[in-house]
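User: Hi! I am new to reading protein structures. Could you walk me through this one, feature by feature?

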Amino acid sequence: MIQLQNITKQFQTKSGIVRAVDDINLHVEKGEIHGVIGYSGAGKSTLIRCVNLLERPTSGNVQIDGVDLTKLSESELRKTRQKIGMIFQGFNLLKTATVYENVAIPLRLLGYSKKEVATRVDKYLTIVGLTDRQQSYPSQLSGGQKQRVAIARALSQEPEILLSDEATSALDPETTDSILDLLLKINAELGITILLITHEMNVIQKICDQVTVLENGKVVEQGSAINLFTKPAHKTTQKFLNTISQRTLAPSLIEHLNLSGAVTRLTFVGESTGNPLITEAALQFNVKPNILTANIIELKNGVVGNIVTHINGEQADVQKALQFFQASGVITEVLGGTSV
Amino acid sequence: MNLITDFIDQWWEIIFEAALQTFQMVSISLLFSILIGVPLGALLVLTRPGQMYANKFFYQLLNLIINIIRSVPFIILLFFILPLTKEIVGTTIGVKGAIVPLVIYTAPYLARLIETALLEVESGVLEAYKAMGIKRTQIVWHVLLREARPSMMLGLTIATIGLIGATAMAGLVGAGGLGDLAYRYGHLRYEVDIMYVTVFLLIILVQSIQSFGNRVANKLKKD
């Protein structure tokens, strides 16, 4: 659906040329929710703005449904943009227009009939749950409500793709959750493909199927959310994971505990989450596993469990226990660098 | 009581005529200033580097011309452009002769005020409309100018009050008006009463224009 090929975007600044986006490839399948995560300055905002050519890439091409947007004429580009909705961190509503008008005005400008405008405004304000605020002005709404208006405005053009530029970053956690639920609903019920950028790992966790991790304008890791949460390969990805779940302990503590066994992170995914494996290991082998920290992360497409455990015992026994875990489908990682 | 009725009987016609001249000068000049100043203000914003119709040369030229005109005090401008005034309206005196310099004085000022108002509109909103595939001209009309209406109204109020001040000097080319009345009778003929009355009338006029402008702006603002 969305295919970014070798996208590079350079900016000329006073201190020289800055490469905000550096040779990025990104593919978003129809119907999926794809999240791009990175710290501020990673280039994610520039990247998403390249998708509808709000920012024209210095090189590379942007294909939507196989059509290269960079080669379209201005009027063709406008037509294509109508099929790509966009929501923003700052909502970007008309301050001088009511909720109703905020949704209706773009439709009128795009030439829809009076009747069609009324039907659509009604339909999409109902979907976002704001029918009772039609005559309110943006200044009378909360942040979450403003974002709902912006979502209704984007949806009213019945796009196939929705781009979300940090849409929840200005909202409190509870409101963020409700907006994320709304995005999930849009994706499931209207089949709209969503590409979002964020710096919040919980956004990725709650709604994304696929994830791209960005750093300094480059892709450092890409894959399904489940894979990223179970086997994060890049340091940045691991750091983002640490923001939502405790996956490790203080190095001094690990070093101390490693003298009498192995501090091991067990990552459970899929079927292995259901079995009492730690108890079984304690019974079968001469080890005494002690759970130091544990958490469960609920993803859109599954559950990932992390247990950091101290497997107390002789080296050979610990080794056997680890093999047993691995054989049961658990990902094990001995922390602190001592190989047992 | 007699004093007041005597005063009114004696001066009513003169004051009324002067007020009418002020009203004529202000309303006609304001109309033309809006017709010229608002588009100029919009151009100043739209041709800025990075804006929708970015054109560095045009922008800088326009900027320069407006600055040059704005540098000349009105009293000097009034005489400086006499030949141009004659060319345009056929006379350099009376209300007619005052209108050209008043417009040339007010339009660039209004353009600056409109520019400031338009710059206040968040670029994000314009971008959102661009992302929706809406035409640039439509964005200018339905987003930029619409969102700037409250600030434009306040700018217009300031320009109108500035214009009233300038009309007082227009008396020098025989255009009359309240300011001229105060100057000729109040200062030259030392009729202090008439000076007080005209000043009082001007205060009322400026006050009501300002409150009217504020009210309209607030109504448009919706905050």
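Analyst: Gladly! Let us start with contact: two residues are in contact if their C-beta atoms, placed from the backbone, lie within 7 Å. Keep in mind that this is a predicted model.

User: How many residues of domain 1 of chain A are in contact with domain 2 of chain A?

Analyst: Ten residues of domain 1 of chain A are in contact with nine residues of domain 2 of chain A. On the domain 1 side, helix H7 (201–207) and helix H8 (225–230) of chain A each supply at least two residues. H8(A) gives the largest share of that side, with four residues. By kind, the residues on this side of domain 1 of chain A are five nonpolar, two polar and three charged.

User: Thanks! Now, how should I read a sheet?

Analyst: The general idea is that strands of a sheet pair through backbone hydrogen bonds, either parallel or antiparallel. In chain A, there is an open sheet of four strands in the order S12-S13-S11-S14, and the pairing is antiparallel.

User: Which strands are the edge strands?

Analyst: They are strand S12 (287–299) and strand S14 (331–334) of chain A, each of which pairs on one side only. From one strand to the next, the twist averages 20°.

User: How many bridges join S11 to S13 of chain A?

Analyst: Nine bridges join strand S11 (residues 261–269) to strand S13 (residues 302–313) of chain A, and the two run antiparallel. To see the pairing in the model, find A:Ala262, which stands opposite A:Ile311 in S13(A). Helix H11 (residues 277–284) of chain A packs on this sheet, where it touches S12 and S13 of chain A, and its direction makes about 165° with that of S12(A).

User: Why is helix H3 of chain A largely enclosed by the rest of the structure?

Analyst: Count a residue as buried if 20 or more other C-beta atoms lie within 10 Å of its own. Helix H3 (residues 99–109) of chain A is largely enclosed because eight of its eleven residues are buried. Among them are A:Val99, A:Tyr100, A:Ile105 and A:Leu107.

User: What do the buried residues of H3(A) pack against?

Analyst: They pack against helices from both chains: helix H4 (114–127) and helix H5 (143–155) of chain A, together with helix H6 (123–131) and helix H7 (136–147) of chain B. Just after H3(A), look for A:Gly111, which takes a positive phi of about 90°.

Methods
Residues are numbered from 1 along each chain as its sequence is written. Chains are lettered from A and ligands numbered from 1 in the order in which they are written. This is a predicted model: local features need pLDDT of at least 70, side-chain atom pairs count only at pLDDT 80 or more; totals for chains, interfaces and linings use all residues. Ala, Val, Leu, Ile, Met, Phe, Trp, Tyr, Cys and Pro count as nonpolar, Asp, Glu, Lys and Arg as charged, and the others, Gly among them, as polar. Two strands pair if DSSP finds at least two bridges between them. Axes are lines fitted to C-alpha atoms, for helices over the stretch in contact, and angles run from 0 to 180 degrees between N-to-C directions. A residue is buried if 20 or more other C-beta atoms lie within 10 Å of its own, exposed if 12 or fewer, and partly exposed in between; C-beta atoms are placed from the backbone.
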